[in-house]
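Dear colleague,

I am handing over the structure below, followed by notes on what was found in it. Please read the notes with the structure open beside them.

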Amino acid sequence: MNAKLRLVYDAEGPPRSGGQQLSSAEELEPLLRSLLHERYDGELFVRGHDTARICLFEGTIAWVRCNNPPEHLGDVLRRDVGLPPALLRQAIGHCRTSGQRLGEGMLELGLLTLGELRSSLRRHISDHLLELLEWPGPMVVERSAWPHRYDHKLTFGLDE
């Protein structure tokens, strides 16, 4: 048999298991609480009014990203911390070459304190979660056991 093997790359991210139907965004918070309690590691892909991703790491939230975000992390850093755009671009370039996450790179470069970064990340994640929890209508949540590694100093509980 000489059939060619065809690999399919999902540009949306890691392979996801079957989706869980939620009748409204109100059902998302109890689901998140349950997964955090179970210390689920992986990503949630949420489809409904729009799309979003939530990364969970060892019982904490590492990040939340809505497709049409209210703000980007850089916007929060410029507004709340006063980080100049030139330094943000420098940090992004540094992280691209070093392979670091943006927060880790900014700490390494001394552009932010840990407290400033935590405060900005908490604001950023909260804004995205609040946006997601206001979506109208039903949604589907697909899980992918796509483990990541994060510094717990830069992750958050749902109540934070």
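This is a predicted model: local features need pLDDT of at least 70, side-chain atom pairs count only at pLDDT 80 or more; totals for chains, interfaces and linings use all residues.

**The sheet and its strands**

Strand 1 and strand 5 are paired antiparallel through four bridges. Pairing here requires that DSSP finds at least two bridges between two strands. Helices (H or I, at least four residues) and strands (E, at least two) are DSSP runs, numbered from the N terminus.

Residues are numbered from 1 along each chain as its sequence is written, and side-chain values use heavy atoms, with hydrogens and water left out.

The protein has five helices and five strands. In sequence order they give the pattern β-α-β-β-β-α-α-α-α-β. The five strands form an open sheet in the order 1-5-2-3-4, with antiparallel pairing. At its edges are strand 1 (19-22) and strand 4 (60-66), each of which pairs on one side only. From one strand to the next the twist averages 20 degrees. Axes are lines fitted to C-alpha atoms, for helices over the stretch in contact, and angles run from 0 to 180 degrees between N-to-C directions. In general, strands of a sheet pair through backbone hydrogen bonds, either parallel or antiparallel.

Strand 2 and strand 5 run antiparallel and are joined by five bridges. Phenylalanine 45 has glutamate 142 of strand 5 as its bridge partner. Strand 3 (residues 51-57) and strand 4 also run antiparallel, with six bridges between them. Cysteine 55 is opposite tryptophan 63 of strand 4, and alanine 52 has cysteine 66 of strand 4 as its bridge partner.

How much of the protein counts as buried? Of its 160 residues, 39% do. Buried means under 20% relative accessible area, exposed over 50%, and partly exposed in between (1.4 Å probe, protein chains only). Strand 5 is mostly covered, with five of its six residues buried. Strand 4 is mostly covered too, with six of its seven residues buried.

Arginine 143 belongs to strand 5. Its relative accessibility is 28%, so arginine 143 counts as partly exposed. Arginine 143 and glycine 42 are 101 residues apart in sequence, yet their C-alpha atoms are 7.2 Å apart in space. Among the contacts in the protein with a separation of 6 or more, 68% are between residues 24 or more positions apart. Contact means heavy atoms within 4.5 Å.

**The helices**

Helix 1 (residues 28-37) lies across strand 1, strand 2 (42-47), strand 3, strand 4 and strand 5 (139-144), and runs at about 15 degrees to strand 5. Helix 5 lies across strand 2, strand 3, strand 4 and strand 5, at about 60 degrees to strand 4.

How do helix 2 and helix 5 meet, and at what angle do they cross? The axes of helix 2 (residues 73-81) and helix 5 (residues 114-133) come within 9 Å and cross at roughly 125 degrees. The two helices are therefore oblique to each other. Angles under 35 degrees count as roughly parallel, over 145 as roughly antiparallel, 65 to 115 as roughly perpendicular and the rest as oblique. Helix 2 contributes Leu73, Val76, Leu77, Arg79, Asp80 and Val81 to the contact, and helix 5 contributes Glu116, Ser120, Leu121, Arg123 and His124.

**Two residues with positive phi**

Most residues other than glycine have a negative phi. Arginine 39 is not a glycine, but its phi is positive, near 60 degrees. Arginine 39 sits in the loop between helix 1 and strand 2, and it counts as partly exposed at 49% relative accessibility.

Glutamate 58 is not a glycine either, and it has a positive phi of about 45 degrees. Glutamate 58 lies in the hairpin of strand 3 and strand 4, which has two residues between the strands. With a relative accessible area of 27%, glutamate 58 is partly exposed.

Regards
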